[in-house]
Amino acid sequence: MMQNNITLSDIAEKLGVSSVTVSKALSGKKGVSNELREKIENLADEMGYVRKDKSDSVRKNKVIGVIVAERYLDHSQSYYWRIYQELSLLSNQKKIFTLLEVVNKAAEKEKATPNLVRQNNADGIIILGAFDVSYLRMLRETVDVPLLSLDSVYEEIAGDAVIADNILGGYEIAGYLLKMGHKKLGFVGTMNVTPSIDGRYIGMCKQLSASGISVEYGKNPIVVEDRDADGNIGAEGTFKLPDKKQMPTAFFCNCDVSALLLIERLSRKGYRVPEDISVIGFDNYVPDMKEGLSLASYKMDIGEMASKAIELMIQRIDYPDTPYSSAMIRGSLVIGESVKSL
């Protein structure tokens, strides 16, 4: 009896080739020799792989898969839940289905192929947030549907991207703090974990340099790490504050979650925000914010980012040979009570 649970990866493993090669062979695409194509087709028939005929693909609605690392979906980082909700709502309006797959730490470390790929369920996949570089390379080698990076952009992935204008955001935030009279600034964020953190730091340094302030990594601005190498915010050993003599008068935090954690750490040390130290975040999304203090931040339009991602993905599915593009969404400063003028 024919089995319906045979995947492209199962066939690829038997022959020692990639899932992409199997997909090309079974779909009649170029890039596979006639001899290998015949082997793949024969093995697929033997294993009971059920191929989709062209009439099926014409009738069905588009399906967009979304993969996100588990660490970004805990309660304090529900910013990505909000993005997925927007993606789902916008997709429904266009009669497109979305499927979410959460990738846990073990699967990411072991470079396990997502079920969305193994089961050939999606016409395109949106990579939401940051992943380990080796995991991204695995996706590049095994996925034969369009890939789109949302809120990050990677050299390792051939595909479209939708990102916040992180450099401009960092530039504008640093400029605002300087305008408010702050000359001794700090940055909260761990470098080389996500492209967005790096970009926001670069934007800050660009503003300092343009304003005639010397930039020296780790010292000016002072950098306080907020997460470990795996991207876990508030992990052991993070948020190590400088001593009183080195303490900045204002901190720019790479995200609002880090801003809240910094305010908590400062409070433990006896510092008041903004009376003693000013704090500004990024994203303008703080569901856990306590009443009484409005956080200064940099607002990103989540709906616009999700809408652009859906637009580019549909275009890529319908016209796969067009050049890749990156859409950069600008944000705007949100003036809050957590920043005080000196």
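1. The largest nonpolar core has 71 residues, and Leu-139 and Leu-150 touch the most other members. Helix 12 (residues 302-318) gives the largest share of this core, eight residues. Apart from it lies another core, of 17 residues, with Ile-233, Met-247, Ile-263 and Leu-266 among them. A nonpolar core here is a set of buried Ala, Val, Leu, Ile, Met, Phe, Trp, Tyr and Cys residues joined through side-chain atoms within 4.5 Å. Buried means under 20% relative accessible area, exposed over 50%, and partly exposed in between, with a 1.4 Å probe and protein chains only. In soluble globular proteins, nonpolar side chains tend to be buried together.

2. The model is a predicted one, in which local features need pLDDT of at least 70 and side-chain atom pairs count only at pLDDT 80 or more, while totals for chains, interfaces and linings use all residues. Residues are numbered from 1 along each chain as its sequence is written, and side-chain values use heavy atoms, with hydrogens and water left out.

3. Leu-150 can be described by its contacts (heavy atoms within 4.5 Å). Not counting residues up to four places away in sequence, Leu-150 touches Ile-83, Leu-87, Ile-126, Ile-127, Leu-128, Gly-129, Val-162, Met-305 and Ala-309. Of these partners, Met-305 and Ala-309 fall within the residue range of helix 12, 302-318.

4. Six strands form an open sheet in the order 2-1-3-4-5-11, and the pairing is parallel. Strand 2 (97-103) and strand 11 (326-329) stand at the edges with a single partner strand each, so one side of each is left without a neighbour in the sheet. From one strand to the next, the twist averages 15 degrees. Strands are DSSP runs of E with at least two residues, and helices are runs of H or I with at least four, both numbered from the N terminus. Two strands pair if DSSP finds at least two bridges between them.

5. Within this sheet, strand 1 (residues 63-69) is joined to strand 2 by seven bridges, the two running parallel; Val-63 stands opposite Phe-97 in strand 2. Strand 1 also pairs in the parallel sense with strand 3 (residues 124-128), over five bridges, and the bridge partner of Val-68 in strand 3 is Leu-128. Further along the order, strand 5 (residues 160-164) and strand 11 run parallel and are joined by four bridges, with Ala-161 opposite Ser-326 in strand 11.

6. How many residues of strand 1 are buried? Seven of the seven are, so strand 1 is largely enclosed by the rest of the structure. Val-63, Gly-65, Ile-67 and Ala-69 point one way from the strand, whereas Ile-64, Val-66 and Val-68 point the other way, and all are buried. In a regular strand the side chains alternate between the two faces of the sheet.

7. Ile-67, in strand 1, has a relative accessible area of 0% and is therefore buried. Leaving out residues up to four places away in sequence, Ile-67 touches Glu-101, Val-103, Pro-114, Leu-116, Ile-125, Ile-126, Ile-127, Leu-128, Phe-131, Tyr-135 and Leu-139. Ile-67 and Ala-296 are 229 residues apart in sequence and 30 Å apart in space, C-alpha to C-alpha.

8. An open sheet of four strands has the order 7-6-8-9, with parallel pairing. Strand 7 (222-224) and strand 9 (278-280) are the edge strands, each pairing on one side only. The twist averages 25 degrees from one strand to the next. Strand 8 (residues 250-253) pairs with strand 9 in the parallel sense over three bridges, and Ala-250 has Ser-278 in strand 9 as its bridge partner. Helix 10 (residues 195-210) packs on the sheet, touching strand 6 (185-188), strand 7 and strand 8, and its direction makes about 170 degrees with that of strand 6.

9. Helix 1 (residues 8-15) packs against helix 2 (residues 19-27) at an angle of about 110 degrees, with the axes 8 Å apart. Helix 1 is therefore roughly perpendicular to helix 2, a term covering 65 to 115 degrees. Axes are lines fitted to C-alpha atoms, for helices over the stretch in contact, and angles run from 0 to 180 degrees between N-to-C directions. The contact is made by Leu-8, Ser-9, Ile-11 and Ala-12 of helix 1 and by Ser-19, Val-22, Ser-23 and Leu-26 of helix 2.

10. Arg-265 is found in helix 11 (residues 256-268) and, at 16% relative accessibility, counts as buried. Its contacts, leaving aside neighbours within four places in sequence, are with Gly-234, Phe-239 and Leu-241.

Technical notes. Parallel < 35°, antiparallel > 145°, perpendicular 65-115°, else oblique.
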